[in-house]
Each structure stands twice: as C-alpha cells, then as structure tokens.
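Reader: I would like to learn how to read a single residue in a model and then step back to the whole chain. Could we work through one example together?

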Amino acid sequence: QVQLVESGGGLVQAGGSLRLSCAHSARTFSIYAMGWFRQAPGKERSFVAAITWGAGITFYEDSVKDRFTISRDNAKNTVYLQMNSLKPEDTAVYYCAAALFNSGDYMMSRPSAYNFWGQGTQATVSS
C-alpha cells in the first residue's frame with residue numbers, strides 16, 4: 001500500500017505564498033503520477049495540478065497555471081506544490097493523490113484516476 005503524508009498548509013494573506021509537500025511511502029508499487037486536488041467549503045473536489053513521476057511532465061488547472069508550480073524530488077519521494085500570489089478563492093483543503101497507472105492525459109484531472117489519497121491539509125487565504 002501507499003501512504004501519503006501532507007504538510008505545509010496554513011493561514012496566509014492574499015498575495016502571499018504557501019508550499020505544500022506530500023511524501024509517499026510506496027514500497028512495492030511504482031507510482032506513475034502524483035497530483036493535487038482541493039475542496040473548498042460547499043464545493044466539489046477539483047483538480048489543481050499533477051506531475052508524472054518519471055519524466056516530470058506537469059499538468060495544471062487554468063486558474064492556477066500562472067501562480068502554482070508542482071514539482072517532485074525523487075530522492076525524497078516527495079511532491080511539492082508551490083503556491084504564489086494566493087487569492088481568497090484558493091482557500092480549500094488540499095489533497096495529495098497518487099496514481100499507479102497511466103489512464104491518459106485527460107484523466108489526470110479526474111479524481112478517479114488516482115488510487116491513494118492523503119489526509120488533506122488546510123490552506124486559508126485571508127483578504
């Protein structure tokens with residue numbers, strides 16, 4: 001099984017930055033990609049960004065493309081989400097997810113493409 005441990009959430013003013021991290025503990029599985037999703041109060045869980053583990057190909061939701069950066073450190077088994085120029089509408093619980101299989105690029109934005117999920121970390125952006 002794959003365990004995902006998230007950290008980096010917190011409270012920040014609009015325009016500020018947060019850096020989320022998610023470490024995976026895969027022992028027998030080979031991870032294809034890791035992604036970040038978020039869920040705001042009263043909203044559905046939505047895609048933020050993803051990265052393939054091997055080649056480091058990235059995918060972003062349009063609303064965060066110019067502000068967020070996803071990256072990974074293979075040696076640390078960790079994926080990061082650098083969030084800059086934060087807006088109040090970015091306030092959400094952010095979830096890390098791991099996919100074991102390549103289901104196609106369009107599936108990268110779908111929660112159903114991911115097999116394991118972290119516990120979530122709260123990011124709050126004040127106005």
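Reader: Leaving aside its neighbours within four places in sequence, which residues is T78 in contact with?

Author: A contact list is read by asking which heavy atoms come within 4.5 Å of each other. In this predicted model, once the neighbours within four places in sequence are set aside, T78 is in contact with S21, C22, A23, W53, S71, R72 and D73.

Reader: Where does N77 lie, and what is its phi?

Author: N77 belongs to the loop between β7 (68-73) and β8, and its phi is near 50°, which is a positive value in a residue other than glycine.

Reader: Which loop holds S85, and why does S85 count as partly exposed?

Author: S85 sits in the loop between β8 and β9 (92-99), and although S85 is not a glycine, it has a positive phi of about 50°. The partly exposed class runs between the buried limit of 20% and the exposed limit of 50%, and S85 counts as partly exposed because its relative accessibility is 40%.

Reader: Stepping back, how many helices and strands does the chain have?

Author: The secondary structure of the chain comes to 0 helices and 11 strands. The radius of gyration is 14 Å, close to the 14 Å that the globule rule gives for 127 residues, so the chain is as compact as a globular protein of that length. Taken along the principal axes, the box filled by the C-alpha atoms is roughly 45 × 25 × 25 Å.

Reader: What percentage of the 127 residues is buried, and what percentage of contacts between residues at least 6 apart joins residues at least 24 apart?

Author: Buried residues make up 43% of the 127 residues in the chain, and of the contacts between residues at least 6 apart in sequence, 57% join residues at least 24 apart. As for the surface, the accessible area of the chain comes to about 6,600 Å², with 47% of it belonging to carbon and sulfur atoms.

Definitions and conventions
Residues are numbered from 1 along each chain as its sequence is written. This is a predicted model: local features need pLDDT of at least 70, side-chain atom pairs count only at pLDDT 80 or more; totals for chains, interfaces and linings use all residues. Side-chain values use heavy atoms; hydrogens and water are left out. Helices (H or I, at least four residues) and strands (E, at least two) are DSSP runs, numbered from the N terminus. The radius of gyration is taken over C-alpha atoms; the globule rule is 2.2 Å times the number of residues to the power 0.38. Buried means under 20% relative accessible area, exposed over 50%, partly exposed in between (1.4 Å probe, protein chains only). Accessible areas come from the Shrake-Rupley method with a 1.4 Å probe; for residues, only the protein chains shown count as cover.
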